[in-house]
Amino acid sequence: MKFFKFLSKEQKIDIKWFFFLFTCAIFLWLINLGNLALRDWDEGYYGTVAKDMFRTGNWLYLTYMDEPFFFKPPLLIWLINISYHLGGISEWTTRLPCALITASGVPLLYLIGREIFAQRSSAVCSAMVYLTLLPVIRHGRLAMIDGIINTFLLIAILCLLKARQQPRWALGVGIGLGLIALSKGTLVIALGGILSVFMLTDKPGKWLRNPNLWLGIILGFLPAVIWYSAQVQHYGESFIQVHFLEQNFGRLATAVEGNSGAVWYYLLELAKYSFPWLIFLPGGMILAWQQRRQTWAKLVLTGIIIFMGIISVMQTKLPWYIMPLYPFFALAVGAYLAQFWRGEKTAYPKWISILLAICGLAAIVGGGYLLITKAETVLVCSVLIVAATLLLAAWKITPFYSIPILFTGLYLSLTMLMISHTWIWELNESFPVKPIATLIRENIPTETVVYTSFAYRRPSLDFYSDRPVIPKTKEELQQLTLPPSYLLLERETLNDLHLNNSRVLGTVDNFILINF
């Protein structure tokens, strides 16, 4: 407590906001974190690789079902492995490292706001927007790299900004970028490039002459350089081909695994999942352009324009690639909202109120549909809270009151969604893996390959069954009739194959497990 006596009033307020935002974020990111099965693809991959590491103790060379795993660098796998050692293997411990790190990005964004905005209200609004962005919460709760990348980027940005007054903070820039390199490899080139352009537009000489910046880059990237060197030395050309050419640079020129889309793909992703904050983004971008000589505006314009341009021209399109855009998005929207909250503007433009009202009415329709289809009560409540929130915000009350209403209503709605069994809606795209995994574990020896008629491999099924389940065509399955062979077949496929001398080991839903 004596420490607080030496702090100014402003510093004490900042500490209170920091812990308030951190508490809100941790609650939202951790509530019911383990209530649903792991999702294909990333969660199944990383969980399985971490299990291999947990059992073998091999931290240096990643494996997936005892086969080399070249897709990603090891940092997230290391963190999940530590989580397994502390709390056992489960959905909760698989997701915990990502959830904790991603949630930490909310108070970090507040600290960035305090560095670049003249008014605290802009920093608060930016952090609250980031706290209530559905994609940030959802992907941050999953065992995926993209949420932690945002936090490492925010660390680098915060250290860069603080280095203007205290040069030693520049050490953290390299450390933040190094963590990105050790998490998602070549993505650091794009995000480092954004920070480089920002530095060039905002007093470049002061930063570039700072020896701490270069020392931080050396120290930050050293672990990644050591790990990559070890992989190239151990695996040689195969690692370079798969990791760098196919999984990283290959995604720029080709649509990996058919994940393609138009140039405007990410504009549609932004439109689908960033409401209602997207309504305020045009105002934020206009404000940033009007104040483009200010540090906050340079950071926002640089981040949004460059990163959106990079991911839009990439041939491989996946929804979570847009994640690093959201911190810049939140800063732009937060700066715009804060003008209304401070009373500098007394009312929303009419088109904003109309859009809020339309979205609120659409949410009522959605809630009604969920009631008719007898969806989870908590999910219905989530949608109706959104509807009430948007309609209240659109009503003729001053923005000073409507902005807190928006933040509070969206936070409650998102809490309800995370409590529900719907927050990972992709699980409904295919069959539940847990019952089938139980059938496999109970009937098949360990380290035994299972062949299936299902169309594609599901890493989540590998994770839960502890056996590789590999898809084969009907023609290939027809040849796998010599003992000991284990086949997981859909009923229709089993009828078509007319397999003789097979023994049924068990049935789950539409799948039958047989052996010879």
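How many salt bridges does the structure hold? The structure holds 18 salt bridges. The model is a predicted one.

**Salt bridge Asp-14 to Arg-114**

- The side chains of Asp-14 and Arg-114 form a salt bridge, with 2.8 Å from N to O.
- Asp-14 belongs to helix 2 (residues 9-30) and Arg-114 to helix 6 (residues 105-116), so the bridge ties together parts that are 100 residues apart in sequence.
- Asp-14 counts as buried because its relative accessibility is 18%, and the cut-off for buried is under 20%.
- Arg-114 is partly exposed, at a relative accessible area of 22%.

**Salt bridge Lys-51 to Asp-466**

- Lys-51 and Asp-466 form a salt bridge, and their closest N and O atoms are 2.5 Å apart.
- This pair links distant parts of the chain, 415 residues apart.
- Lys-51 sits in helix 3 (residues 42-56). Asp-466 sits in the loop between helix 23 (459-465) and strand 4 (469-471).
- Lys-51 is buried, with a relative accessibility of 5%.
- Asp-466 is partly exposed, with a relative accessibility of 25%.

- Asp-462 pairs with Arg-457 in a salt bridge, the closest N and O atoms lying 2.8 Å apart.
- The relative accessible area of Asp-462 is 0%, so Asp-462 counts as buried.
- Arg-457 has a relative accessibility of 27% and counts as partly exposed.
- As a general point, side chains of opposite charge can pair when their charged atoms come close.

**Helix 5 against helix 9**

- Helix 5 (residues 91-103) packs with helix 9 (residues 145-162) at an angle of about 35°. Their axes are 8 Å apart.
- The crossing of helix 5 past helix 9 is left-handed.
- From helix 5, the contact uses Cys-98, Ile-101 and Thr-102.
- From helix 9, the contact uses Gly-147, Ile-148, Thr-151 and Phe-152.
- The residues of this contact are four nonpolar, three polar and no charged.

- Is strand 7 (residues 511-515) enclosed or open? Five of its five residues are buried, so strand 7 is largely enclosed by the rest of the structure.
- Phe-511, Leu-513 and Asn-515 point one way from strand 7. Ile-512 and Ile-514 point the other way. All of these residues are buried.
- Strand 5 (residues 486-490) runs antiparallel to strand 7, and five bridges join them.
- Leu-488 has Leu-513 in strand 7 as its bridge partner.
- Strand 6 (residues 503-508) also pairs with strand 7 in the antiparallel sense, over five bridges.
- Gly-506 stands opposite Leu-513 of strand 7.
- Strand 6 and strand 7 form a hairpin with two residues between the strands. In this hairpin, Asp-509 takes a positive phi near 55°.

How values were computed: Residues are numbered from 1 along each chain as its sequence is written. This is a predicted model: local features need pLDDT of at least 70, side-chain atom pairs count only at pLDDT 80 or more; totals for chains, interfaces and linings use all residues. Side-chain values use heavy atoms; hydrogens and water are left out. Axes are lines fitted to C-alpha atoms, for helices over the stretch in contact, and angles run from 0 to 180 degrees between N-to-C directions. Helices (H or I, at least four residues) and strands (E, at least two) are DSSP runs, numbered from the N terminus. A crossing is left-handed if the near helix is turned anticlockwise from the far one by less than a right angle, and right-handed if clockwise. Contact means heavy atoms within 4.5 Å. Ala, Val, Leu, Ile, Met, Phe, Trp, Tyr, Cys and Pro count as nonpolar, Asp, Glu, Lys and Arg as charged, and the others, Gly among them, as polar. A salt bridge is a side-chain nitrogen of Lys or Arg within 4 Å of a carboxyl oxygen of Asp or Glu. Buried means under 20% relative accessible area, exposed over 50%, partly exposed in between (1.4 Å probe, protein chains only). Two strands pair if DSSP finds at least two bridges between them.
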